[in-house]
Amino acid sequence: MSAAGRPDRPRILVVGPSWVGDMVMAQSLFVALGGGERCDIDVLAPGWSLPILERMPQVRRGIAMPLGHGDFGLAVRWRLGRELAAEGYAQAIVLPGSLKSALAPFFARIPRRTGFRGEMRYGLLNDLRILDKAALPMTVQRFVALARPAGAPLPEPFPLPQLVADAANQERLRAELGLPLHQPAVAFMPGAEYGPAKQWPLPHFADLARQLVARGQQVWVLGSAKDRPAGDEIAAGNPGVHNLAGNTRLGEAVDLLGMASAAVTNDSGLMHVAAALGVPLVAIFGSSSPEHTPPLAERVAIRTLRLECSPCFERTCPLGHTRCLTDITPESVLTALDSVVAGGAKPVFLRRAVG
């Protein structure tokens with residue numbers, strides 16, 4: 001992330017999303033805008049997301065939103081807008097659909113304020129778009145569309161997120177965490193913030209870990225402190241599994257993923273991080289749909305069963321069996337992993353049907 005812009009380039013303020021995966025996908029918008037080349041991009045976003053933005057060359061700087069998710073804080077947003085007014089932004093692009101997310105650009109009197117209608121944001125946005133969900137089924141398509149004039153086709157080829165890991169931080173982490181240098185590492189991301197209907201069973205993760213370790217590989221379990229118990233269960237009785245969940249901050253998890261030889265993940269924010277780092281990965285979908293938020297990368301294999309009841313998009317299985325996940329076997333995931341590492345997978349974002 002560059003520290004300073006150039007006076008001959010327009011400045012754009014992007015109001016960023018509140019989820020890890022969405023923030024990663026927003027990089028496709030930054031690429032489409034020409035960040036760092038045709039314009040300078042600042043991103044107003046939750047403080048936790050700044051390490052991700054630091055690994056995006058298209059972003060000049062990240063600005064921490066001083067309010068938590070869900071806080072309205074009208075006076076705070078007014079003061080923030082008046083501070084941002086001094087930056088001389090030519091355009092603001094508002095990615096969240098809430099009314100409150102459009103307030104700071106309005107208070108900053110940014111001349112062009114672009115976004116989808118969302119919560120009836122007439123007046124707050126003066127480049128107001130009506131979202132056609134059928135024409136733009138994927139979240140990343142909706143983001144990139146805001147870089148184009150209303151109704152214009154999306155760019156071809158489609159810009160993919162490409163995070164840049166911090167090499168110096170990688171060396172520090174490997175030494176501090178005592179991770180072996182001589183074994184290839186497969187990263188596991190067993191968490192999913194949305195709920196258990198997106199989480200592959202932990203016994204399946206543990207079984208897959210045993211098979212990988214038996215083949216001479218090591219396993220790194222990554223996630224937040226909430227995922228620490230899951231990592232403990234996967235690592236139980238298996239010294240080749242390193243439970244790093246809760247031991248690393250988000251930026252450190254990004255850099256660790258950049259060192260992994262492959263990854264196995266639920267539909268989660270770290271799934272999108274791994275894809276943006278170019279890590280070969282197997283992504284497991286249960287209650288959610290790979291047509292809506294697929295990992296955007298060349299070397300991806302999707303495991304989803306397409307049962308009659310899925311995708312239901314529920315946090316917990318309404319039928320109580322979660323067969324969409326339990327029936328995906330560790331053996332099938334291992335086969336998919338071997339295929340994607342060998343280069344057998346195709347870009348999932350280019351196709352409608354995913355097997």
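Strand E1, helix H1 (residues 20–33) and strand E2 form a right-handed β-α-β unit. Helices (H or I, at least four residues) and strands (E, at least two) are DSSP runs, numbered from the N terminus. A crossover counts as right-handed if the path from the first strand over the helix to the second runs clockwise, with the strands pointing away from the viewer. The model is predicted: local features need pLDDT of at least 70, side-chain atom pairs count only at pLDDT 80 or more, and totals for chains, interfaces and linings use all residues. Residues are numbered from 1 along each chain as its sequence is written, and side-chain values use heavy atoms, with hydrogens and water left out.

E1 (residues 11–15) pairs with E2 in the parallel sense over five bridges. Two strands pair if DSSP finds at least two bridges between them. Val15 stands opposite Leu44 of E2. E2 also runs parallel to strand E3 (residues 59–64), and five bridges join these two strands. Here Ile41 has Val59 of E3 as its bridge partner.

E2 (residues 40–45) is mostly covered, with six of its six residues buried. Buried means under 20% relative accessible area, exposed over 50%, and partly exposed in between (1.4 Å probe, protein chains only). The cover extends to both faces of E2. Asp40, Asp42 and Leu44 are buried on one side, and Ile41, Val43 and Ala45 on the other.

The structure holds three aromatic pairs. In one of them, the rings of Phe188 and Phe205 have centres 5.3 Å apart and planes at 50°, so the pair is tilted. Phe188 lies in strand E7 (residues 185–189) and Phe205 in helix H7 (residues 202–214), so this pair ties together parts that are 17 residues apart in sequence. Rings of Phe, Tyr and Trp (its six-membered ring) pair if their centres lie within 6.5 Å; planes under 30 degrees apart count as stacked, over 60 as edge-to-face and the rest as tilted. Phe188 counts as buried because its relative accessibility is 0%. Phe205 is likewise buried, at 0%. Ring pairs link Phe188, Trp200 and Phe205 into a cluster.

Helix H9 (residues 250–259) packs against helix H10 (residues 269–276) at an angle of about 45°, with axes 9 Å apart. Axes are lines fitted to C-alpha atoms, for helices over the stretch in contact, and angles run from 0 to 180 degrees between N-to-C directions. H9 and H10 are therefore oblique to each other. Angles under 35 degrees count as roughly parallel, over 145 as roughly antiparallel, 65 to 115 as roughly perpendicular and the rest as oblique.
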